[in-house]
Amino acid sequence: MILTLTLNPSVDISYPLDQFNLDTVNRVSQTSKTAGGKGLNVTRVLSEFGEDVIASGFLGGALGQYIEEQIETTRIKQAFFKIKGETRNCIAILHEGQQTEILEKGPTIELKESEEFKSHLLKLFKETDVAVMSGSLPKGLNTDYYTDIVRLAKEQGILTILDSSGQSLEEVLISNVKPTVIKPNIDELSHLLKYKVTSDIKELKTAVSQPIFNDIEWIIVSLGSEGAFAKHNHKFYKVNIPNIKVVNPVGSGDSTVAGIASALIHQQTDEELLKKANAFGMLNAMEQQTGHINTDKFDEIFKQIEVIEV
């Protein structure tokens, strides 16, 4: 089973506007509200592909209940941990080909809740083969909280994928326990290394071979329209992708993570993993709905992706 963790979920509200005007009234004719958060995007895509997946994380208040009810309608399994605080809203204003986001910080997790959640996870880990940790940490959690989860998962022999950034990712990288997979984009890679990394293959090889990445089995770097670059143990790969009509790129990174998780649980080859991951990401970008893929187009896209060992 694949377990997805969304520790700071949200109700995602989308406001599409022909034109966004500041300091005046903007009227929206069509609004969408969905259960949001990077891990929930991963969950939906895995479910659409037919994988055995269960979603967990922190939920609280009326907005948390709304997320639970939304997930129930999709028949996706869930095992969220209830907190006293209120789950957050995140607003996206879609205007003139741009996206302006207003993101609430979310609830503060109490110390008791953070410790009890670890016990909650240990129960879920009994049936877990791959655990996916996505997104930011809510207030109240120590910046090394993902490190604790990776350690608990590793003790149970579970493969882990960490899709985070900033301090929470850095804390894991400098710890003595490492996730199986990380998936930074090139800007996040530059931030980690404190210098600008380009898409030059030689430079990427040097970047992902830095000591901070020691003992991480898979490092997969998103390169946008240029595809991806990856290091698996001592092998390096460049992934070339076909041109597609991008409808909505939001959630493509999460969909890529879903593809990685799917490939790991089926013990697929390096080439299959990279092609599946990138196919999922592209399929999401081709759809209007965030965290959604048209599985009927999977084979067509999969065959067009090229993986070259470099």
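**Helices, aromatic pairs and a loop residue**

This model is predicted. Helix α4 spans residues 145-155, and its buried residues are Y145, Y146, T147, I149, V150, L152 and A153.

Q: What covers the buried residues of α4?
A: Both helices and strands take part. The helices include α3 (111-125) and α5 (166-173). Among the strands are β1 (2-6), β4 (53-59), β9 (130-134) and β10 (159-163).

Q: Which residue just after α4 takes a positive phi?
A: Look just past the end of the helix. There, phi is about 75 degrees. The residue is G157.

Q: How many aromatic pairs does a search of the whole structure find, and is the pair of F58 and F117 stacked, tilted or edge-to-face?
A: The search finds eight aromatic pairs. The rings of F58 and F117 have centres 4.5 Å apart. Their planes stand at 40 degrees, so the pair is tilted.

Q: How many residues apart in sequence are the parts that F58 and F117 tie together?
A: F58 lies in strand β4, while F117 lies in helix α3. The pair therefore ties together parts that are apart in sequence by 59 residues.

Q: Is F58 buried or exposed?
A: Buried means under 20% relative accessible area. F58 has 2% relative accessibility, so F58 counts as buried.

Q: Is F117 buried or exposed?
A: The relative accessible area of F117 is 0%. Values under 20% count as buried. F117 is therefore buried.

Q: Which helix holds both F298 and F302?
A: F298 and F302 form a tilted aromatic pair, 5.3 Å centre to centre, with 40 degrees between the planes. Both residues are buried. They sit four residues apart, about one turn of their helix, which is α10 (residues 298-304).

Q: Which residues form one aromatic cluster with F298 and F302?
A: The cluster has two further members besides F298 and F302.

Q: At what angle do α8 and α9 pack?
A: Helix α8 covers residues 252-265 and helix α9 covers residues 270-285. Their axes are 7 Å apart. The angle is about 150 degrees.

Q: How do the residues of the contact of α8 with α9 divide? What are the numbers of nonpolar, polar and charged?
A: From α8 the contact includes S252, A258 and I260, and from α9 it includes L273, K276 and F280. The residues divide into eight nonpolar, seven polar and one charged.

Q: Is E226 buried, partly exposed or exposed?
A: E226 is found in the loop between β12 (218-222) and β13 (228-232). E226 touches S199, K238 and V239, not counting residues up to four places away in sequence. With a relative accessible area of 42%, E226 is partly exposed.

Technical notes. Residues numbered from 1 in each chain as written. Predicted model: local features only at pLDDT ≥ 70, side-chain atom pairs only at ≥ 80, totals over all residues. Heavy atoms only, no water. Axes fitted to C-alpha atoms, helices over the stretch in contact; angles between N-to-C directions. Helix = DSSP H or I, 4+ residues; strand = E, 2+ residues; numbered from the N terminus. Contact = heavy atoms within 4.5 Å. Nonpolar A, V, L, I, M, F, W, Y, C, P; charged D, E, K, R; others polar. Buried < 20%, exposed > 50% of the residue type's maximum accessible area, 1.4 Å probe, protein only. Phe/Tyr/Trp six-rings, centres within 6.5 Å; stacked < 30°, edge-to-face > 60°.
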